[in-house]
Amino acid sequence: MRFEIVGKNITITDTMRERIEKKLSGLQKYVLIDPDTTARVVARVYPASQKIEVTIPSKVGILRTEVEHDDLYAAVDIAIDKLEDQLRRQKTRLNRRHRESLAENFMIEAEEEEYDIPVKTKTIYAERMDLEEAIMQMELSNHDFYIYTDDESGKVSVVYRRNSGGYGLIETE
């Protein structure tokens, strides 16, 4: 992870920079953050306190936190804790969604396993014709698709009715 550390009303010292980079580097253990990600840190000084703002774009959204505290280093620690919490919550949500989709897919696959054997087999002869004639034959047969041999290319093709309207064409190699 790369770091962009900016100070408003404060000069960021090397010690501050090292501490912030070290703490933020600990977040890389989560797979939601790419190595190319740039973490933006803004440190501000107010008359009564100091504030740190951290923004990290991740694969699933933007992680952002603001912490205001008397001590800048304590603010950094609290900000890291908040970011880790956000990352854990996002990861848990993703895992939950993933588990649910896996369970749904498993149930669908289990239902489909009963029908692995073809119920009906049909052999067709792909007649030579052009696309317009194939569309007409499809409409006359009241099917959603029609298989034919294209006059121009000599290859087997499939014309089909699209759900959104109109027709589609699949050509074989």
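**Figure 1. Glu84 within helix H2.** Glu84 is placed in helix H2, which spans residues 72-113. The model shown here and in the following figures is a predicted one. With a relative accessible area of 16%, Glu84 falls under the 20% limit and is therefore classed as buried. Apart from residues up to four places away in sequence, Glu84 touches Leu27, Lys29 and Tyr30.

**Figure 2. Overview of the chain.** The chain contains 3 helices and 8 strands. Read from the N terminus, its elements follow the order β-α-β-β-β-α-β-α-β-β-β. Of its 173 residues, 28% count as buried. The accessible surface amounts to about 12200 Å², and carbon and sulfur atoms account for 49% of that area. When contacts between residues at least 6 apart in sequence are considered, 36% of them join residues at least 24 apart.

**Figure 3. Met16 in helix H1.** Met16 belongs to helix H1, residues 14-25. Its relative accessibility is 13%, so Met16 counts as buried. Leaving out residues up to four places away in sequence, the contacts of Met16 are Ile10, Thr11, Leu72 and Tyr73. One of these contacts, Tyr73, is 57 residues from Met16 in sequence, and the two C-alpha atoms are 8.0 Å apart in space.

**Figure 4. Loop residues on either side of helix H1.** Asn9 is located in the loop between strand S1 (2-8) and H1. Although Asn9 is not a glycine, its phi is positive, at about 65°. Asn9 has a relative accessibility of 72% and therefore counts as exposed. Gln28 lies in the loop that runs between H1 and strand S2 (38-45). A relative accessible area of 37% makes Gln28 partly exposed. Gln28 and Met1 are 27 residues apart along the chain, with their C-alpha atoms separated by 7.3 Å.

**Figure 5. The two faces of helix H3.** Helix H3 comprises residues 131-141, and Ala134, Ile135 and Met138 are buried in it. Viewed down the axis of H3, these buried residues lie within an arc of 100°, so they line one face of the helix. An α-helix has 3.6 residues a turn, so residues three or four places apart point the same way. The face of H3 turned away from the buried side bears the exposed residues Glu132 and Leu140. The packing partners of the buried residues of H3 are strand S5 (128-129), strand S6 (145-150), strand S7 (156-161) and strand S8 (167-171). Asn142 follows H3 and has a positive phi, near 60°.

**Figure 6. Ser157 in strand S7.** Ser157 is part of strand S7, one of the strands against which the buried residues of H3 pack. Its relative accessibility is 1%, so Ser157 counts as buried. Beyond its neighbours within four places in sequence, Ser157 is in contact with Tyr146, Ile147, Tyr148 and Asp150, and also with Leu169, Ile170 and Glu171.

**Figure 7. Leu169 in strand S8.** Leu169 is situated in strand S8. The relative accessible area of Leu169 is 37%, and the residue is therefore partly exposed. Not counting residues up to four places away in sequence, Leu169 touches Leu131, Tyr148, Ser157, Val158, Val159 and Tyr160. Val159 is 10 residues from Leu169 along the chain, and a distance of 4.5 Å separates their C-alpha atoms.

**Figure 8. The largest pocket and its lining.** The largest pocket holds about 270 Å³ of space. Its lining consists of Lys122, Ile124, Tyr125, Glu127, Ser141, His143, Phe145, Tyr146 and Ile147. S6 makes the greatest contribution to this lining, with 3 residues. Grouped by class, the lining residues are 5 nonpolar, 2 polar and 2 charged. Two of the lining residues, Tyr146 and Ile147, are also among the contacts of Ser157.

Technical notes. Residues are numbered from 1 along each chain as its sequence is written. This is a predicted model: local features need pLDDT of at least 70, side-chain atom pairs count only at pLDDT 80 or more; totals for chains, interfaces and linings use all residues. Side-chain values use heavy atoms; hydrogens and water are left out. Buried means under 20% relative accessible area, exposed over 50%, partly exposed in between (1.4 Å probe, protein chains only). Helices (H or I, at least four residues) and strands (E, at least two) are DSSP runs, numbered from the N terminus. The arc is that of the directions from the helix axis to the C-beta atoms. Contact means heavy atoms within 4.5 Å. Accessible areas come from the Shrake-Rupley method with a 1.4 Å probe; for residues, only the protein chains shown count as cover. On a 1 Å grid over the protein atoms alone, a cavity is a set of points where a 1.4 Å probe fits but cannot get out, and a pocket is an open set with protein on both sides within 12 Å along at least five of seven lines; lining residues have an atom within 4 Å of a point. Grid points are joined across faces, edges and corners, and a volume is the space filled by probe spheres set on the points. Ala, Val, Leu, Ile, Met, Phe, Trp, Tyr, Cys and Pro count as nonpolar, Asp, Glu, Lys and Arg as charged, and the others, Gly among them, as polar.
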